[in-house]
Amino acid sequence: MHTVFRRVELPRELRSLLIFDRKVFRESDRFDKDYWQTLESYWMVVDKVKVGCCAFERHLEHATLYIATTGVLPRFQRGGLGRLLKAWEIAFARHHGFRRLVTNCRKRNVAMIKLNKSFGFRTVRSMPGYYFNPTDSTVFMELHL
Ligand SMILES: CC(C)(COP(=O)(O)OP(=O)(O)OC[C@H]1O[C@@H](n2cnc3c(N)ncnc32)[C@H](O)[C@@H]1OP(=O)(O)O)[C@@H](O)C(=O)NCCC(=O)NCCS
């Protein structure tokens with residue numbers, strides 16, 4: 001298995017990001033073009049296939065890296081690649097000197113919450129009504145590095 005993590009090249013790969021987002025997330029959870037363009041995004045490429053993607057916002061004033069999204073293509077899920085991508089996100093944050101990683105997801109997203117917890121993330125708070133279609137709370141999680 002040949003695995004590469006590389007920065008998404010914008011604007012050249014914007015379309016590819018939007019297609020990836022459509023494959024991984026329901027419509028109400030997808031990002032629009034403008035938001036994607038503000039993010040620092042990375043592909044996880046396995047054997048030349050873009051199987052995973054994550055995106056960050058750097059909040060340097062708080063030495064905090066916000067993970068805006070983490071996703072693995074459905075046909076590659078449950079094979080350990082989500083765990084690999086999460087481990088890379090943590091390594092990326094440490095390597096760049098961040099002191100804290102934060103992220104959020106739907107309260108019903110058991111897969112992501114379990115995955116985050118397995119790396120030591122803890123729930124900071126939950127906010128009801130954050131998501132629509134379906135209405136759901138968000139769970140904010142953090143990991144001190
Ligand atoms: C969350 C996600 C990235 C996990 O990717 P994955 O490749 O399936 O993850 P892995 O196979 O590495 O599994 C890692 C752990 O996640 C948890 N997990 C993954 N899928 C799960 C599921 N369907 N139900 C419960 N736990 C699950 C488990 O704890 C698993 O560890 P285990 O196999 O030791 O039990 C993937 O499900 C995904 O892309 N979901 C859609 C996008 C999304 O919701 N992202 C989060 C919001 S940004």
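Here's a quick briefing on the chain and its ligand shell. Keep in mind that this is a predicted model. The chain has 4 helices and 7 strands, and the 7 strands form an open sheet with mixed pairing. A ligand sits among 21 surrounding residues, with H4 giving the most to that shell.

**Overall build**

- Starting at the N terminus, the elements go β-α-α-β-β-β-α-β-α-β-β.
- The C-alpha trace spans about 40 × 35 × 30 Å along its principal axes.
- The radius of gyration is 15 Å, and a compact globule of 145 residues would come out near 15 Å, so the chain agrees with that expectation.
- Of the 145 residues in the chain, 26% are buried.

**The sheet**

- Reading across the sheet, the strand order is S1-S2-S3-S4-S5-S7-S6.
- The edges are S1 (3-7) and S6 (122-131), each of which pairs on one side only.
- On average, neighbouring strands in this sheet are turned by 25° against each other, ignoring direction.
- As a bit of background, strands of a sheet pair through backbone hydrogen bonds, either parallel or antiparallel.
- S3 (residues 49-59) and S4 are an antiparallel pair with 8 bridges, and in that pairing Glu-57 has Tyr-66 of S4 as its bridge partner.
- The S3 and S4 hairpin has 4 residues between its strands, and Ala-63 there takes a positive phi near 50°.
- S4 runs parallel to S5 (residues 100-106), with 4 bridges between them.
- Tyr-66 turns up again here, standing opposite Val-102 in S5.
- Getting from S4 to S5, the chain goes through H3, and this β-α-β crossover is right-handed.
- Over at S6, 6 bridges join the strand to S7 (residues 136-144) in an antiparallel arrangement, and Ser-126 stands opposite Val-139 in S7.

**Around the ligand**

- The closest of the 21 surrounding residues are Gln-77, Gly-82, Arg-83, Ala-111 and Lys-114.
- Strand S4 (64-72), helix H3 (81-95) and helix H4 (110-118) each supply at least two residues of the shell.
- H4 gives the most, with 6 residues.
- By residue type, the shell splits into 9 nonpolar, 9 polar and 3 charged.

**Backbone spots to check by eye**

- For context, most residues other than glycine have a negative phi, and most peptide bonds are trans.
- Leu-10 and Pro-11 are joined by a cis peptide bond, with omega near 5°; Pro-11 is in the loop between S1 and helix H1 (14-24).
- There's also a cis bond from Asn-133 to Pro-134, where omega is about -5°, and Pro-134 belongs to the loop between S6 and S7.
- Asp-47 has a positive phi, near 50°, without being a glycine, and its place is the loop between strand S2 (40-46) and S3.
- Asp-47 counts as exposed because 9 other C-beta atoms lie within 10 Å, and the cut-off for exposed is 12 or fewer.
- Arg-78 is another residue other than glycine with a positive phi, this time near 65°; you'll find Arg-78 in the loop between S4 and H3.
- Arg-78 has 10 other C-beta atoms within 10 Å, so this residue is exposed too.

Key. Residues are numbered from 1 along each chain as its sequence is written. This is a predicted model: local features need pLDDT of at least 70, side-chain atom pairs count only at pLDDT 80 or more; totals for chains, interfaces and linings use all residues. A residue is near a molecule or strand if its C-beta atom, placed from the backbone, lies within 6 Å of it. Ala, Val, Leu, Ile, Met, Phe, Trp, Tyr, Cys and Pro count as nonpolar, Asp, Glu, Lys and Arg as charged, and the others, Gly among them, as polar. Two strands pair if DSSP finds at least two bridges between them. Axes are lines fitted to C-alpha atoms, for helices over the stretch in contact, and angles run from 0 to 180 degrees between N-to-C directions. A crossover is right-handed if, with the strands pointing away from the viewer, the path from the first strand over the helix to the second runs clockwise. The radius of gyration is taken over C-alpha atoms; the globule rule is 2.2 Å times the number of residues to the power 0.38. A residue is buried if 20 or more other C-beta atoms lie within 10 Å of its own, exposed if 12 or fewer, and partly exposed in between; C-beta atoms are placed from the backbone.
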